[in-house]
Amino acid sequence: MTQATSSQTEYNQSLDPAYLTGSNEKWLQRKDAATPRGVSVLSDFFAARGENAELWDIQGRRYIDFGSGIAVLNTGHRHPRVLAAVRAQLDQFMHTAYQVVPYPSYVALAEKINRRAPGDWSKKTAFFSTGAEAVENAIKVARVATGRSGVVAFDGAFHGRTYFGMALTGKVSPYKAGFGPFPGDVFHAPFPNQLHGVTVDQALDGVRRLFKADIDPGRIRERDPLLAPTDHTRQRL
Ligand SMILES: Cc1ncc(COP(=O)(O)O)c(C=O)c1O
C-alpha cells in the first residue's frame with residue numbers, strides 16, 4: 001500500500017463512528033503532532049457523540065456540555081428538527097455559493113429575521129460564515145453608509161481573530177500580543193463594569209477623553225459633507 005493510500009484509509013476510518021475509540025491521551029499526542037499550538041484547545045478529552053445537553057468522550061465518559069460550542073448550541077446536540085433540516089438540505093444540494101447561484105432558503109431566512117428585528121422600518125439581512133466575518137462586514141457597511149471611518153470599541157470585548165476583529169478586540173493577551181500592527185482608526189473606550197471597578201461616569205469620561213486626545217469626533221459622527229455618503233453609496237446597501 002502506498003503512503004497516500006494508507007493515509008486516505010486512515011482518514012476514511014476517522015469518519016467511521018467505530019473509529020472514535022482509543023484513549024484521550026493518544027489523541028492528544030496526535031493533536032499536538034498534527035495541529036499548531038496557536039489553535040489553543042481548552043479540554044483534554046475528545047468528543048465522540050452528543051445528545052441534547054450532554055457529550056460523551058471517546059472513552060465513553062459523559063459530560064454536561066456547558067461549553068455548547070461557546071454558547072451557540074441553543075437547541076442542544078442533535079435536535080430532531082435541526083437534524084431533519086440538515087438532512088433535507090443535503091438531499092437537495094451541497095453548496096452553490098449564494099453570490100453565484102442563489103437559493104430560496106437564504107431569502108426566506110432573511111425575511112424571517114427582518115420581521116423579528118426591532119423597528120417598524122424595512123430591513124435587510126446578509127449572512128456570513130463566521131462571527132469575525134460578520135463583524136468585518138458590519139464595519140464595511142457602516143463606513144460606506146456614514147462616510148465616517150473611525151470606530152470606537154470597548155475595553156475587554158472580544159470581536160474575532162481576523163485583523164479587524166483583533167483591532168477591535170479590547171484585550172491584548174491572549175488575542176493581540178505579537179500580531180500588530182492592526183488596521184487604523186480603531187479606538188477603545190472603557191466599558192462600565194462593576195467587577196472591574198469602572199463606573200458609568202468613568203466610562204463616559206473615557207469617551208470624552210478619547211475625543212480630546214485621540215480622534216476627531218467628526219470621524220465618528222457625520223460632519224464633513226465631503227465624507228458623507230452619496231445617494232449612490234446609500235443605494236448600494
Ligand atoms: C462577541 C463575538 N464577536 C465575534 C466573535 C468571532 O466569531 P467567530 O469565532 O465565529 O469568527 C465571537 C466568537 O466567540 C464573539 O463572541
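## Overall layout

Starting at the N terminus, the elements of the protein chain follow the order α-α-β-β-β-α-α-α-α-β-α-β-α-α. That gives 9 helices and 5 strands, where helices (H or I, at least four residues) and strands (E, at least two) are DSSP runs, numbered from the N terminus. Residues are numbered from 1 along each chain as its sequence is written. This is a predicted model, in which local features need pLDDT of at least 70 and side-chain atom pairs count only at pLDDT 80 or more, while totals for chains, interfaces and linings use all residues.

## How confident is the prediction?

The predictor's confidence in each residue is called pLDDT and runs from 0 to 100. For the protein chain the mean is 89, and 85% of its residues reach 70 or more. Among the elements, α7 has the highest mean pLDDT (98), and helix α9 (residues 231–236) has the lowest (56). Where pLDDT is low, the predicted coordinates should not be read in detail.

## Inside and outside

A residue is buried if 20 or more other C-beta atoms (placed from the backbone) lie within 10 Å of its own, exposed if 12 or fewer, and partly exposed in between. Of the 237 residues of the protein chain, 6% count as buried.

The largest nonpolar core has 6 residues: V151, F164, M166, A167, L168 and V186. Helix α7 (residues 163–168) supplies the largest share of this core, 4 residues. Such a core is a set of buried Ala, Val, Leu, Ile, Met, Phe, Trp, Tyr and Cys residues joined through C-beta atoms within 7 Å.

## Around the ligand

Which residues are around the ligand? They are I70, T130, G131, A132, V135, F158, H159 and G160, each with its C-beta atom, placed from the backbone, within 6 Å of the ligand. Helix α6 (residues 131–146) gives the largest share of this shell, 3 residues.

I70 is in helix α3 (residues 68–71), and its phi is near 60°, a positive value in a residue other than glycine. With 8 C-beta neighbours inside 10 Å, I70 counts as exposed.

## Two cis peptide bonds

Look for a cis peptide bond between S173 and P174, with omega about 10°. Another joins G180 and P181, with omega about 0°. P174 lies in the loop between α7 and β5 (186–189), and P181 is also found in the loop between α7 and β5.
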